Amino acid sequence: MNRVIVCILAVLTCVPLFPQKVNEAIVKQQINSVASSLRTLQCDFVQTKHLKMLNDKMVSRGKMYYSKDNRLRWEYVTPYKYVFVLNGNKVLLKNNGRKDIIDVKKNKMFSEIARIMMNSVVGKCLNDENDFKSRITGTQTEWIAQLTPLRKDMKQMFQKINLHFSKSASMVTVVELIEKNGDKTVIELKNIKTNVAFSEDIFAVN
């Protein structure tokens, strides 16, 4: 019996039960180093929307493409089809055959959404010190960055944003968006491929 207790205690001391403090400067440096070498990124995603008032959730799936020159394609394929494309200062929204093109310079809301999406994908939100107060903790397998909005307009949209980084790849694998009303959107990135070639046509906004 004593040997069993000793073994259990040994396991518990090796596995952190709570997030551990980390050297944030070193973690940011490592993430930034990977981000700076990232030219393209392609992955599948699973998005789960948790609705606080209804105690319900909605799950959707899709594909995401990112290019370093400020281009992003976010495409839902199930249970509905919807496309969001950011190409420079233009955003394309495509749904059921309808297309809308928005100039993000003239639409502050879309400008913020586009920037948050882009920066969250590669972890650049960690560097937005005027927009977010960040706190980084760690587990055995990941770093977790909790971003608290500082600007008034950002606070109106989000309570906080949590970015989960794989320690082995120093890249974002999960994005949690906690809204002001308590609703939460969790986006899991899967089958991530970096610096691969794909057609430039996927970023077309015309």
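Colleague: Where does Leu51 lie?
Modeller: Leu51 sits in strand β2. Keep in mind that this is a predicted model.

Colleague: Is Leu51 buried or exposed?
Modeller: Leu51 is buried, because its relative accessible area is 18% and the cut-off for buried is under 20%.

Colleague: What is Leu51 in contact with, leaving aside neighbours within four places in sequence?
Modeller: Asp56, Met58 and Asp183. Asp183 is 132 residues apart from Leu51 along the chain, yet their C-alpha atoms are separated by 5.0 Å.

Colleague: New topic. How many aromatic pairs are there?
Modeller: The structure has 6. One of them joins Tyr65 and Phe198, edge-to-face, at 5.4 Å centre to centre with 75 degrees between the planes.

Colleague: Which parts does that pair tie together?
Modeller: Tyr65 is in strand β3 and Phe198 is in the segment after β12, so the pair ties together parts 133 residues apart in sequence. Both Tyr65 and Phe198 are buried.

Colleague: And how are Tyr76 and Tyr80 paired?
Modeller: That pair is tilted, with 5.5 Å centre to centre and 35 degrees between the planes. Tyr76 counts as buried at 11% relative accessibility. Tyr80 is partly exposed at 39%. Ring pairs also link Tyr76 and Tyr80 into a cluster with Phe45, Trp74 and Tyr82.

Colleague: Now the largest pocket. How much space lies in it?
Modeller: About 750 Å³. Its lining has 28 residues, and Tyr76 is among those nearest the centre, along with Gln47, Ile113, Met117 and Leu177.

Colleague: Which element gives the most to that lining?
Modeller: α3, with 7 residues. By class, the lining has 22 nonpolar, 4 polar and 2 charged residues.

Notes:
Residues are numbered from 1 along each chain as its sequence is written. This is a predicted model: local features need pLDDT of at least 70, side-chain atom pairs count only at pLDDT 80 or more; totals for chains, interfaces and linings use all residues. Side-chain values use heavy atoms; hydrogens and water are left out. On a 1 Å grid over the protein atoms alone, a cavity is a set of points where a 1.4 Å probe fits but cannot get out, and a pocket is an open set with protein on both sides within 12 Å along at least five of seven lines; lining residues have an atom within 4 Å of a point. Grid points are joined across faces, edges and corners, and a volume is the space filled by probe spheres set on the points. Helices (H or I, at least four residues) and strands (E, at least two) are DSSP runs, numbered from the N terminus. Ala, Val, Leu, Ile, Met, Phe, Trp, Tyr, Cys and Pro count as nonpolar, Asp, Glu, Lys and Arg as charged, and the others, Gly among them, as polar. Buried means under 20% relative accessible area, exposed over 50%, partly exposed in between (1.4 Å probe, protein chains only). Contact means heavy atoms within 4.5 Å. Rings of Phe, Tyr and Trp (its six-membered ring) pair if their centres lie within 6.5 Å; planes under 30 degrees apart count as stacked, over 60 as edge-to-face and the rest as tilted.
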